[in-house]
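Thanks for coming, everyone. Have a look at the model on the screen, and I will walk you through it.

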Amino acid sequence: MSLENPSTSPQRYLRIIDIGTCIGCGACEAACDFIHEGKPYIKVYRTSLGLEIPVSCLHCAKAPCIDVCPTGAMTRDKEGAVYVIPSKCIGCMACLYACPFGIPQLDKALRISTKCDLCSDQRKKGLEPGCSSLCPTGAIVYSAEPVVFDIAKKKTAESWAKARYESLK
């Protein structure tokens, strides 16, 4: 599927994680852990600065994991989420090595690659991914591409305004 021509493509959705708003509470990880029965695809890491930062698949517009998959198991759904077709995966982990963030994991029992699919089952029911729906600060936003870009621009404007205000003090 090509996402190049917006007039023929279904609406693309994005998820962003606003690190400036995130409080590192772990609600996103707990929701993902519950939904995926003990296999969370978003993980909160404690950094050397003492900040708690959630890390998950970015569902890249030009996803290297899709490009290198020799069987076509790594693919994209109509809304833009990158996911694995288990029956096609041979567990070679080319996707892991191609991902600049090391996101795909090998399910050792099934010998296939696994990763965040933006809660595909939830989205089929008209719900948003668990991580974004349960984020208490709204730091994880999942919405249509234009809405997400607008939110990002407003957050940038707010950040710049605060920086300018602080410099005037």
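K162 sits in helix α6, residues 145–168. Helices here are DSSP runs of H or I with at least four residues, strands are runs of E with at least two, and both are numbered from the N terminus. K162 is exposed, at 53% relative accessibility. On that scale, buried means under 20% relative accessible area, exposed means over 50%, and partly exposed is in between, with a 1.4 Å probe and protein chains only. From K162 to L58 is 104 residues in sequence and 28 Å in space, C-alpha to C-alpha.

A word on the source. This is a predicted model, where local features need pLDDT of at least 70, side-chain atom pairs count only at pLDDT 80 or more, and totals for chains, interfaces and linings use all residues. Residues are numbered from 1 along each chain as its sequence is written, and side-chain values use heavy atoms, with hydrogens and water left out.

Now the whole protein. It has 6 helices and 8 strands. From the N terminus, the order is β-α-β-β-α-β-β-α-β-β-α-α-β-α. The C-alpha trace spans about 60 × 40 × 30 Å along its principal axes. Of the 169 residues, 36% count as buried. Contact means heavy atoms within 4.5 Å. Among contacts with a separation of 6 or more, 51% come from residues 24 or more positions apart.

Next, the strands. Two strands pair if DSSP finds at least two bridges between them. Strand β1, residues 13–17, pairs with β8 in the antiparallel sense, over 5 bridges. I17 stands opposite I140 in β8.

V44 faces P54 in β3. Between β2 and β3 lie 5 residues, and G50 in the turn has a positive phi of about 90 degrees.

Follow the chain past β3. H59 lies in the loop between β3 and α2, which covers 64–68. Is H59 buried or exposed? H59 is buried, with a relative accessible area of 6%. A polar atom of its side chain lies 2.9 Å from the backbone nitrogen of V82. Leaving aside neighbours within four places in sequence, H59 touches residues including R12, R76, V82, K115 and D117.

On to S113, in strand β7. S113 is buried too, at 3% relative accessibility. Beyond neighbours within four places in sequence, its contacts include M74, V84, C89 and L106.

Last, the largest pocket. Its volume is about 510 Å³. Of its 22 lining residues, H36, Y41, K115, D117 and D121 are the closest to its centre. β5 (82–84), β7 (112–114) and α4 (120–124) each give two or more residues to the lining. α4 gives the most, with 5 residues. A pocket here is an open set of points on a 1 Å grid over the protein atoms alone, where a 1.4 Å probe fits, with protein on both sides within 12 Å along at least five of seven lines; lining residues have an atom within 4 Å of a point. The volume is the space filled by probe spheres set on the points, which are joined across faces, edges and corners.

Technical notes
A polar contact is a pair of N or O atoms within 3.5 Å; within protein, one must be able to donate a hydrogen and the other to accept it, and residues adjacent in sequence count only if both atoms are side-chain atoms.
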